[in-house]
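This report concerns charged side-chain pairs and a nonpolar surface patch. The sequence and the structure are shown first.

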Amino acid sequence: MRGYVPRIHGAGAELVIVGNGTPEQARWFIEDFHIDTPVFTDPTLSIHRAVGARRGVQLSKLPRLLVNAVRAMSKGHFQTRVLGDGQQLGGVFVIMPGGTLAYRYLSEVAGDHPDPEVVVSALEGVVSLRPR
């Protein structure tokens with residue numbers, strides 16, 4: 001999503017990352033990956049539960065997990081360590097002022113992410129519909 005931040009900001013929005021590690025692990029994440037967008041952490045996983053994020057390894061989805069891992073490695077992305085709860089999956093959401101959910105994507109396996117173009121287009125679409 002990093003490359004889409006200018007479009008996200010252009011739509012009057014912000015990219016926010018919510019992890020599940022400790023505050024110290026969140027600081028390492030920010031430093032290691034040079035993150036310049038807001039990062040929050042919820043080690044209790046209450047936010048992940050609230051949005052319905054999946055948890056655990058599902059063996060039936062193992063082939064998809066392996067495909068995701070190969071794809072990431074082929075692009076030069078290697079997992080060096082797990083910070084936080086490694087079984088907690090995430091998602092991507094476009095949440096409008098007032099809490100309206102305009103877009104929701106819940107990962108089914110590790111490495112399962114939506115196409116950033118689809119996410120940002122959804123954001124731009126709902127922003128264009130809002131009265132100014």
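A salt bridge is counted where a side-chain nitrogen of Lys or Arg lies within 4 Å of a carboxyl oxygen of Asp or Glu. The model is predicted, with local features requiring pLDDT of at least 70 and side-chain atom pairs pLDDT 80 or more, whereas totals for chains, interfaces and linings use all residues. Residues are numbered from 1 along each chain as its sequence is written, and side-chain values use heavy atoms, without hydrogens and water.

By this rule there are two salt bridges, listed below.

| Pair | N to O distance |
|---|---|
| Arg7 and Glu124 | 2.8 Å |
| Arg7 and Glu117 | 2.9 Å |

Glu117, in helix H5 (residues 116–129), is 110 residues apart from Arg7 in helix H1 (residues 5–10); helices are DSSP runs (H or I, at least four residues), numbered from the N terminus.

A nonpolar surface patch consists of Val16, Val18, Phe40 and Ile47, with about 330 Å² of accessible area together. Patch members have over 30% relative accessible area and no salt bridge, and nonpolar side chains are joined within 5 Å. Of these residues, Ile47 is located in helix H3 (residues 46–51) and is partly exposed because its relative accessibility is 41%.

Conventions:
Patches are made of residues with over 30% relative accessible area and no salt bridge: like charges are joined within 9 Å, nonpolar side chains (Val, Leu, Ile, Met, Phe, Trp, Tyr) within 5 Å. Accessible areas come from the Shrake-Rupley method with a 1.4 Å probe; for residues, only the protein chains shown count as cover. Helices (H or I, at least four residues) and strands (E, at least two) are DSSP runs, numbered from the N terminus. Buried means under 20% relative accessible area, exposed over 50%, partly exposed in between (1.4 Å probe, protein chains only).
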